[in-house]
Amino acid sequence: MVSTVVVASAGSGKTTHLIDQAAHVKAGRVLITTYTNENVDNIRDCVVARFGYVPENIDIESWYSTLLRHGVRPYQNLLSNVGVTQTIAFIQVPQALRFVPKADVNRYFFTRNGDIYRDRVSDFVCLVDDKTGGKLIQRLEAIYSHILIDELQDMAGSDLDLLERLFKSKITMVAVADPRQGTYTTNNSIKHKKAARSGIVTWLSAMEKAGLITQEERAESWRCNQVICDFADALYPHLPRTTSRNATRTPHDGVFHISAADVPSYVAEFNPVVLRWNKNSDTLGLPATNFGVVKGRSFDRVLIFPTEPMRKYIKEPNPEMSLDRAKFYVAVTRARYSVAFVV
């Protein structure tokens, strides 16, 4: 069965597409999975908004919860004697263990407490599948008729090897991705390093060439107006241009620069959602949300306190300059009507 990956820009309805796919499944079980807990919560909210509840044939959980529940715990005692792993160790593999052979399963994959290293979870799951003659994938086939993946661009390292196995399985796989929004990565493994974040397009092309997936492109936004789309697209000039499907017009549309002195009056008049880089950003005392946690959300207007590299870009746009383009893109594309930068 050929899997489908929708590569689309911000505001194109990627999550809605997955929920539409889940709604059509009447006789099977569906897993909807994504990397971050924030996005899990967003998906659950969207499902509840659609159905009024989470249907009993739909599971919604994070990628690592899926790996632990279906890939690590049921099989780990076949390969190790660390007991039942409770959680992921979100730390770097200690330097002293970098060259431990994989055959030394306990030390290679697990901490002394029996937690499994983040960068090696999917590697372990693939090893389990190999050692059991494919029983892990067969188990998933027996549980789920459909697996739907949101924010595929966040997947990295051996996660891509596991995804390839799932693409080859009997499970109907549907995934959505925006290479511009690679704000996170599931692990820091050097494996498939060139496919990380925006590089996912190269890996997807290889999967399509191998006949494992078909790709659909959706270069449109139902959220952002055209001025916002154009500003955001300029950050990724090598990717398809986005066409706005937002036909609503207001007296204050577009992208604006304001001074710090004008912030109080601007906030009083337009009531924007305030976005910042992190908790250390100076937002002039205004309550704000970090760029990284608003992915998937929509607001009428945003007021952005940019980092210094972002300020330089705003004044002299150059997509080759050093800045976190993905988080910048996410922040800008949350807005339907207006984006204002405090410069």
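Student: Which residues does the UniProt annotation "domain: UvrD-like helicase ATP-binding" cover?
Tutor: Residues 128–185, according to the UniProt record, which is an unreviewed entry. Keep in mind that the model you are looking at is predicted.

Student: How far apart are the end C-alpha atoms of residues 128–185, and how much of the span is helix or strand?
Tutor: Those end atoms lie 23 Å apart.

Student: Switching to pockets. What volume does the largest pocket have?
Tutor: About 340 Å³.

Student: And which residues line the largest pocket?
Tutor: The lining consists of Gln92, Val93, Arg98, Tyr108, Asp119, Arg120, Asp123, Ser158, Asn188, Ser189, Ile190 and Lys191. By class, that lining has 5 charged, 4 polar and 3 nonpolar residues.

Student: What about the second largest pocket, what volume does it have?
Tutor: The second largest pocket has a volume of about 300 Å³. Its lining has 19 residues, and Gly11, Gly13, Arg223, Gly296 and Ser298 are the ones nearest its centre.

Student: Which element gives the largest share of the lining of the second largest pocket?
Tutor: That is α1, with 3 residues. Both α1 (14–23) and α2 (37–51) supply at least two residues each.

Student: How does the lining of the second largest pocket divide into nonpolar, polar and charged?
Tutor: There are 10 polar residues, 6 charged and 3 nonpolar.

Student: Which residues lie nearest the centre of the largest cavity?
Tutor: Thr66, Leu67, Leu140, Leu162 and Leu166, out of 13 lining residues. Two or more lining residues come from each of β2 (30–34), α3 (63–72), α7 (135–143) and α8 (158–167). The largest share belongs to α3, which gives 5 residues.

Student: How many nonpolar, polar and charged residues are in the lining of the largest cavity?
Tutor: It has 9 nonpolar and 4 polar residues, and no charged ones.

Student: And how much space lies in the second largest cavity?
Tutor: About 50 Å³.

Student: Which residues line the second largest cavity?
Tutor: Thr36, Glu38, Asn39, Tyr184, Gly292, Val293, Val294 and Lys295. That lining divides into 3 nonpolar, 3 polar and 2 charged residues.

How values were computed. Residues are numbered from 1 along each chain as its sequence is written. This is a predicted model: local features need pLDDT of at least 70, side-chain atom pairs count only at pLDDT 80 or more; totals for chains, interfaces and linings use all residues. Side-chain values use heavy atoms; hydrogens and water are left out. UniProt positions are given in the numbering used here, feature names are shortened, and annotations may be inferred rather than shown by experiment. Helices (H or I, at least four residues) and strands (E, at least two) are DSSP runs, numbered from the N terminus. On a 1 Å grid over the protein atoms alone, a cavity is a set of points where a 1.4 Å probe fits but cannot get out, and a pocket is an open set with protein on both sides within 12 Å along at least five of seven lines; lining residues have an atom within 4 Å of a point. Grid points are joined across faces, edges and corners, and a volume is the space filled by probe spheres set on the points. Ala, Val, Leu, Ile, Met, Phe, Trp, Tyr, Cys and Pro count as nonpolar, Asp, Glu, Lys and Arg as charged, and the others, Gly among them, as polar.
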